[in-house]
Amino acid sequence: MTQYIGILTAGGDSPGLNAAIRGVGKTGQNVYGMQIIGFRDGFRGLMENRTVALNSAALSGILTIGGTILGTSRDKPQKMPIGNKTMDMTEVMLETYRNHHLDVLVCLGGGGTAKNAYHLMQHGLNIITLPKTIDNDVAMTDVTFGFDTALTIATEAIDRLHSTAHSHHRIIVVEVMGHNTGWLALGAGIAGGADVILIPEIPYNIERVAGSIRQRVREGKAFSIVAVSEGAVPDDLRAKMDKVLKNGKGKKAKAELAALEAERMNSTQRLTQQLEQLTGLESRVTILGHVQRGGIPSAADRLLATRLGAACARYIHEERFGIMVAARGDSTEAVPLEQVVGKRKTVPLDHPWIETARSLGVSLGD
Ligand code: F6P
């Protein structure tokens with residue numbers, strides 16, 4: 001019996017998405033004779049029944065293209081902005097699924113997508129997810145596709161910032177994405193030879209960061225590269241946040257937390273100014289932003305996304321639903337979605353990358 005597969009990509013785009021779509025589609029068609037359709041723009045396209053036929057021609061020539069040929073959005077089934085309202089559109093999506101006689105909906109995305117997909121699963125749909133995000137923060141998989149490409153881009157940026165920092169005897173603070181985890185900043189910081197690496201998992205002390213830079217100056221190194229994760233937080237701000245989280249209640253606590261969060265979001269600029277004041281070195285900030293998500297996927301991401309996609313088609317054939325296709329060494333594993341949803345993979349404080357950075361004399365701000 002022919003199996004009918006729907007695919008969508010949701011959340012922030014990521015290099016390797018097209019390789020994964022191609023991996024599912026080609027294996028599904030070539031090996032199992034499956035029929036594949038894509039939904040445009042994440043869960044919104046499922047709601048609006050906007051489809052793309054993913055036949056053999058459509059799957060050809062997409063391996064190296066960045067972004068997603070399907071388009072994406074951060075829309076959630078149960079909280080869909082419609083006009084100026086937010087509505088639960090779950091039922092409409094279930095109807096689209098039924099009307100296409102789908103056997104499974106494959107959702108390519110990060111933690112948020114897994115949660116939304118799980119919601120649809122609880123409403124009776126057969127679901128499989130694939131772990132995509134440049135942040136590498138999806139639980140229960142060794143790695144996510146998109147991470148390697150972003151790591152390479154951020155590392156190259158840090159490489160390039162070295163020569164200008166060195167020439168001007170400056171501090172250059174480079175902000176790296178990663179949401180609330182430090183994988184990208186830590187990985188790129190080590191690979192690019194940053195002198196200070198600040199990640200959300202280790203609240204930083206500004207005096208200690210400045211101290212490590214002054215020490216470098218005493219050693220004759222009149223420039224420094226500081227790789228800071230967008231989610232990094234100074235220790236005093238972290239303490240204030242923890243206090244509100246612990247003791248605060250109701251609307252007041254919510255407002256206080258929002259104000260503290262806004263302060264955290266601007267902390268890279270403030271960090272740069274503080275370092276200039278505390279060290280006497282001229283300082284500049286570079287925010288890498290979405291350039292880290294753009295362009296062609298690295299070879300490692302193409303390989304990872306392709307093999308996860310191919311494995312996904314095999315799991316569909318075996319009717320193993322309600323799972324995420326996780327990367328496990330050179331192989332894959334079908335992890336029940338319950339074990340993925342609501343979790344975030346942060347950098348463990350005893351992770352070898354942290355040990356490595358410390359052993360090289362890199363300041364982690366603590
Ligand atoms: O999750 C991927 C990511 O690029 C994060 O690193 C970043 O915090 C976020 O998405 C940015 O989201 P948006 O593109 O919606 O601004």
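Is Pro234 buried or exposed, and what is its relative accessible area? In this predicted model, Pro234 is buried, with a relative accessible area of 10%, where buried means under 20%, exposed means over 50% and partly exposed lies in between, for a 1.4 Å probe and protein chains only. Local features of the predicted model need pLDDT of at least 70 and side-chain atom pairs count only at pLDDT 80 or more, whereas totals for chains, interfaces and linings use all residues. Residues are numbered from 1 along each chain as its sequence is written, and side-chain values use heavy atoms, with hydrogens and water left out.

Pro234 lies in the loop between S10 and helix H8 (235–247); helices (H or I, at least four residues) and strands (E, at least two) are DSSP runs numbered from the N terminus. Apart from neighbours within four places in sequence, Pro234 is in contact (heavy atoms within 4.5 Å) with Pro203, Tyr204, Ser267 and Arg270.

An open sheet of 4 strands is arranged in the order S9-S10-S8-S11 with parallel pairing, two strands being paired if DSSP finds at least two bridges between them. Strands S9 (196–198) and S11 (283–287) stand at the edges with a single partner strand each, so one side of each is left without a neighbour in the sheet. Strand S8 (residues 171–176) runs parallel to S11 and is joined to S11 by 5 bridges, and Val173 stands opposite Val285 in S11. Helix H5 (residues 147–168) packs on the sheet, touching S8, strand S10 (224–229) and S11, and its direction makes about 165 degrees with that of S8, where axes are lines fitted to C-alpha atoms, for helices over the stretch in contact, and angles run from 0 to 180 degrees between N-to-C directions.
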